[in-house]
Amino acid sequence: MNGGELPKELSSDELINIYKKMLLIRKFEQRITKDFGKIKSPLVHTYTGEEAIAVGACMAINEDDYITSTHRGHGHFIAKGGDVNSLMAEIYGKEGGICKGRGGSMHVADFSKSMLGANGIVGAGPPLALGVALASKMRNEGKVVLTFFGDGAANQGMLHESMNLAAAWKLPVIFILENNMYGWSTPFHAATAIKDFSIRAQGYGMKGFTIDGNDVIEVYKTIKEAVDIARNGGGPTLIECKTYRWQGQTIMDPDKYRSPEEKEEWKNRCPIKAYKTRLIRGEIIDKVMIQEIEEMTLVKIDESFKFAKENKNPDPSTVLDNVYKKPIKYGGN
Amino acid sequence: MVEETKTMRGLDAIRLAIEEEMERDESVFIMGEDIGKFGGCFFVTEGLLEKFGPERVRDTPISENAILGCAIGAAMAGMRPIAEIMFADFLTVCMEMIVNQAAKASYMYGGQISVPVTIRVPFGTGIMGAAQHSQSFESWFMHVPGLKVILPSEASDFKGLMKTAVRDDDPVIFFENKRAYYLTGDVPLDKDFKIPFGQARIFTEGDDVTLVATGAMVQESMIAATKLTEENIHCEVIDPRTLVPLDKKTILASVEKTGKLIIVDEGCKTCSVSAEIAAIVVEEGFQYLKKEIIRINTPDVPIPYSPKLEKKIIPNAKLIQEKIKKLI
Ligand SMILES: Cc1ncc(C[n+]2csc(CCOP(=O)(O)OP(=O)(O)O)c2C)c(N)n1
């Protein structure tokens with residue numbers, strides 16, 4: 001648990017990159033939270049506390065492998081290499097946003113990075129992941145798809161359909177269940193009779209693992225194993241990552257349903273702090289570098305904030321763009 | 001040069017279109033419940049498995065969300081999937097994938113991608129399907145920006161529009177009327193025979209009244225129109241063929257000529273295709289109207305099992321004839 005050997009196949013640069021990415025997500029979410037009065041949308045979900053999952057998972061795949069995301073998608077977006085400026089601008093609804101201000105926080109996507117989109121519908125990502133995986137399989141591309149979803153989403157019918165089909169067709173999909181203990185205000189043990197979701201895997205004919213989602217190296221290693229299976233035609237795997245959402249469900253959630261003690265306990269298990277300790281112990285980084293990384297990250301966030309702020313609002317005359325590939329005449333227009 | 005045609009049923013024309021498109025383009029494939037060996041509930045895909053193999057003709061589990069999710073995801077990744085939902089009635093269990101995913105992706109992701117998927121759905125009455133295997137849901141999907149809604153009524157249109165659907169870059173929902181499956185027509189054998197979306201078809205011209213009809217109601221309207229020529233009443237029968245995009249121009253031009261409009265639609269009346277067309281004509285062609293608009297729909301009732309009862313509620317040629325005579 002958050003203390004084992006660092007994997008030998010990762011270079012120092014790669015190990016440091018993992019740290020940088022987690023920190024970038026953390027600082028990004030903190031900045032947004034600080035400014036939430038100005039964002040005006042209550043429907044902004046932060047990834048604070050869960051950073052190790054997205055970063056560890058994306059570290060285990062290639063650039064042209066795909067991911068699908070959830071309503072809580074900023075972390076996935078950053079982990080997959082999406083541009084922070086255009087992410088920030090999107091959340092502020094600006095033209096320079098990755099979706100030109102049409103999508104917002106719940107729909108951030110960067111198809112050029114094979115990041116197939118955050119999704120406002122709980123549980124809707126995995127069915128789409130099937131098709132991307134099928135396309136890869138039919139074209140013999142050897143690409144895999146990571147599909148992230150929550151403990152709440154795990155109880156959607158769509159998940160059942162998706163896990164079954166993926167297993168039946170041996171599709172290269174990795175189901176990554178982010179069990180942050182709550183679906184909004186509902187604790188997962190109130191919505192589910194089992195302790196570990198991974199036991200469901202057996203019922204679909206795939207392997208299942210429950211791991212510490214706050215241990216970025218454990219996430220990386222487990223996903224890597226699943227990716228190898230998937231790439232070699234062995235089909236899907238279900239990986240449950242236990243973690244905790246530090247903030248409320250959305251940035252405006254008063255969050256009265258969780259005790260301060262519980263929150264404190266989980267904050268003591270901070271995935272970033274634990275990893276930092278390991279890097280220091282492994283003599284991968286030192287205090288000076290840590291300071292430098294921290295400063296660089298903050299500069300990056302400040303820049304993205306400035307970019308978003310100074311960016312134009314979308315031109316209202318373009319509001320009907322992209323409903324269809326080419327504009328069509330139809331009843332309402 | 002005379003165009004080479006062959007007489008075939010609607011369902012054969014759809015199969016021909018799919019077969020040609022699969023031959024033409026490797027990225028086209030088809031998936032759905034029991035579409036392989038069995039050939040599909042209405043045998044539309046019969047023989048395709050033998051020809052193209054199980055990779056491109058895929059039998060799926062009974063998981064409509066997974067079927068459509070899979071098709072939409074594959075389309076996002078650059079394939080051109082055709083997905084069959086066995087009966088339109090089952091669209092209820094996978095509305096999510098159509099309404100919130102396929103229809104929204106292009107817009108909400110800022111035009112980064114499009115979703116070239118074709119969703120095929122047999123619909124309508126005529127097989128004693130009762131309440132859960134007979135419904136006409138096409139108007140629901142007209143209400144969802146981002147979808148194209150296609151509803152042919154005749155064999156050659158089935159072929160030409162299916163080919164356009166497969167090649168189109170937007171999500172298309174392709175309604176296949178069960179009764180129209182079995183009507184025969186002369187279908188062009190040209191492998192590039194395509195009918196553009198947004199172009200209504202005038203089945204017969206006339207000056208006295210405009211009949212706009214869809215699906216099985218086109219045939220019923222044509223029977224009524226033919227009969228009435230004996231009484232020197234001349235109807236103009238128009239099938240929009242594509243509901244989104246809708247060829248308002250052809251409909252409005254006809255109403256300008258006749259001054260009278262009857263809309264015949266198998267869907268139940270409230271919030272139906274006929275409601276939308278009537279509203280458009282009132283809004284954009286009010287000055288042409290000499291009489292009130294008549295809508296002939298199935299009443300707002302679940303479809304009954306007994307053929308006697310079904311017959312009572314589905315509009316037919318006789319009813320259309322009566323309504324025309326009353327209006328004139
Ligand atoms: C189909 C659907 N139902 C309900 C919601 C409202 N909603 C948004 S997030 C959420 C909780 C989701 O919990 P989980 O899947 O565990 O993800 P988490 O928010 O914990 O990351 C709910 C109920 C929704 N967006 N979509």
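Predicted model: local features only at pLDDT ≥ 70, side-chain atom pairs only at ≥ 80, totals over all residues.
Is helix α5(A) mostly covered or mostly uncovered? Mostly covered: seven of its eight residues are buried.

**View 1. Helix α5 of chain A and its packing partners.** The helix spans residues 84-91. Its buried residues are A:Val84, A:Ser86, A:Leu87, A:Met88, A:Ala89, A:Glu90 and A:Ile91. They pack against four helices of chain A: α1 (12-34), α2 (36-39), α4 (74-79) and α13. A:Gly93 follows α5(A). The phi of A:Gly93 is positive, near 70°.

View 2. Most residues other than glycine have a negative phi. A:Ser114 sits in the loop between α5 and α6 of chain A. A:Asn322 lies in the segment after α13 (287-310) of chain A. A:Asn322 has 22 other C-beta atoms within 10 Å, so it counts as buried.

**View 3. The side of chain A that touches chain B.** In total, 37 residues of chain A are in contact with 40 residues of chain B. Helices α6 and α7 (157-168) of chain A each supply at least two residues of this side. The largest share, nine residues, comes from α6(A).

**View 4. The crossing of α6(A) and α3(B).** Here α6 (residues 125-138) of chain A meets α3 (residues 64-76) of chain B. The two axes come within 6 Å and cross at roughly 55°. The helices are therefore oblique to each other. The crossing is right-handed. On α6(A), the contact is made by A:Pro127, A:Leu128, A:Ala129, A:Leu130, A:Gly131, A:Val132, A:Leu134 and A:Ala135. On α3(B), the contacting residues include B:Asn65, B:Gly69, B:Cys70, B:Gly73 and B:Met76.

**View 5. A:Val132 in the largest nonpolar core.** This core holds 191 residues. A:Val132 and A:Ile174 touch the most other members. Domain 1 (5-188) and domain 2 (201-327) of chain B both give residues to the core, so it lies between them. Which residues does A:Val132 contact, leaving aside its neighbours within four places in sequence? From chain A, they are A:Tyr66, A:Leu116 and A:Val145. From chain B, they are B:Gly73, B:Ala74, B:Met76 and B:Ala77. In soluble globular proteins, nonpolar side chains tend to be buried together.

**View 6. The two domains of chain B.** Chain B is divided into domain 1 (5-188) and domain 2 (201-327). Their centres, taken over C-alpha atoms, are separated by 26 Å. Between them, 26 residues of domain 1 are in contact with 25 residues of domain 2. On the domain 1 side, the elements that give two or more residues are α5 (138-142), β6 (148-150), α6 (155-167) and α7 (178-181) of chain B.

**View 7. A cis peptide bond in chain B.** Most peptide bonds are trans. The bond from B:Val244 to B:Pro245 is cis, with omega near 0°. B:Pro245 is found in the loop between β12 (242-244) and α9 (248-258) of chain B.

Key. Residues numbered from 1 in each chain as written. Chains lettered and ligands numbered in written order. Core = buried A, V, L, I, M, F, W, Y, C linked by C-beta atoms within 7 Å. Buried ≥ 20, exposed ≤ 12 C-beta atoms within 10 Å, placed from the backbone. Domains from an automatic or database assignment. Contact = placed C-beta atoms within 7 Å. Axes fitted to C-alpha atoms, helices over the stretch in contact; angles between N-to-C directions. Parallel < 35°, antiparallel > 145°, perpendicular 65-115°, else oblique. Left-handed = near helix turned anticlockwise from the far one by under 90°.
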